[in-house]
Structures are given as C-alpha cells and as structure tokens.
Amino acid sequence: MRPSQVLRDEPPVGKYGKYLNKATWGNLGVATPERGIITYSLSSNRQNILAGAAHAAVFNTWRRFAAQVLFWAPPLVAAYYAMDWANRRNKYLYSKKGRAALKEE
C-alpha cells in the first residue's frame with residue numbers, strides 16, 4: 001500500500017511556487033518554496049499596445065529631424081545653387097549670345 005501525500009510530507013509536484021530541491025543541487029526529492037523570485041504579468045487583453053504611438057511618432061520624428069537638419073541642409077542648399085548656376089551657364093554658352101561672347105575672347 002502506498003503512503004498518502006500527507007504521510008510522505010511532500011507537497012504535490014507541479015504546484016505554483018515549488019521546485020524540487022532539498023538543500024543542495026542534486027539532492028532532489030523534497031519540494032520547497034522558491035525565494036527571491038518575483039514575477040509580474042499583465043493579461044494581453046488588458047494591454048493597449050498602440051497607446052500613445054501616434055503622438056510619440058510625431059514628436060520623436062520632429063526631435064530627430066531638428067537635431068540632424070543642420071548637418072545635411074546647408075550642403076543640400078549649396079549643391080542646389082551650384083547646379084542651378086551650372087545649368088544657367090550651360091544654357092547661356094550654347095545660345096547665340098554665348099557663342100558670340102566666346103568667339104570674341
């Protein structure tokens with residue numbers, strides 16, 4: 001006849017907060033409560049996964065843009081004006097007035 005769980009003085013294996021260990025590793029057999037382990041959880045149907053996402057996206061994008069704009073905007077403006085000048089100069093040089101000015105030089 002098998003002794004009952006109470007007589008063996010062992011809580012059933014599988015109860016929450018219990019693990020099989022006596023005093024040292026490898027000495028299994030008695031379930032003792034865990035200590036120093038705290039777990040918190042929130043049910044997935046109670047979470048709002050997109051809470052504040054649009055607000056954070058707008059203001060975070062603006063903050064990052066404002067921090068970086070002075071690194072790329074001045075070279076972009078300078079390149080635009082240089083390209084505009086080169087296109088206008090090329091158009092002038094290939095016109096009648098431009099060819100006449102080059103012949104005089």
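The legends below describe several views of a predicted protein model.

**View 1. Overall fold of the predicted model and the order of its elements.** The protein contains 3 helices and 2 strands, and these elements follow one another from the N terminus in the order α-β-β-α-α. Among the contacts in the protein with a separation of 6 or more, residues 24 or more positions apart account for 0%.

View 2. The average pLDDT of the protein is 78, and 67% of the residues score at least 70. Of the elements, helix α1, which covers residues 5-8, has the lowest mean pLDDT, at 50, whereas α2 has the highest, at 96.

**View 3. Solvent exposure of the whole protein.** Of the 105 residues, 3% count as buried.

**View 4. The nonpolar surface patch.** The side chains shown here belong to W62, F65, F71, W72 and L76, which together make a nonpolar surface patch of about 610 Å². One of these patch residues, F71, is located in helix α2, the element that spans residues 53-93.

View 5. Is F71 buried or exposed? F71 counts as exposed because its relative accessibility is 61%, and the cut-off for that class is over 50%. The helix that holds F71 is α2, and α2 is also the element with the highest mean pLDDT in the protein, 96.

Note on methods:
Residues are numbered from 1 along each chain as its sequence is written. This is a predicted model: local features need pLDDT of at least 70, side-chain atom pairs count only at pLDDT 80 or more; totals for chains, interfaces and linings use all residues. Side-chain values use heavy atoms; hydrogens and water are left out. Patches are made of residues with over 30% relative accessible area and no salt bridge: like charges are joined within 9 Å, nonpolar side chains (Val, Leu, Ile, Met, Phe, Trp, Tyr) within 5 Å. Accessible areas come from the Shrake-Rupley method with a 1.4 Å probe; for residues, only the protein chains shown count as cover. A salt bridge is a side-chain nitrogen of Lys or Arg within 4 Å of a carboxyl oxygen of Asp or Glu. Helices (H or I, at least four residues) and strands (E, at least two) are DSSP runs, numbered from the N terminus. Buried means under 20% relative accessible area, exposed over 50%, partly exposed in between (1.4 Å probe, protein chains only). pLDDT is the predictor's confidence in each residue, from 0 to 100. Contact means heavy atoms within 4.5 Å.
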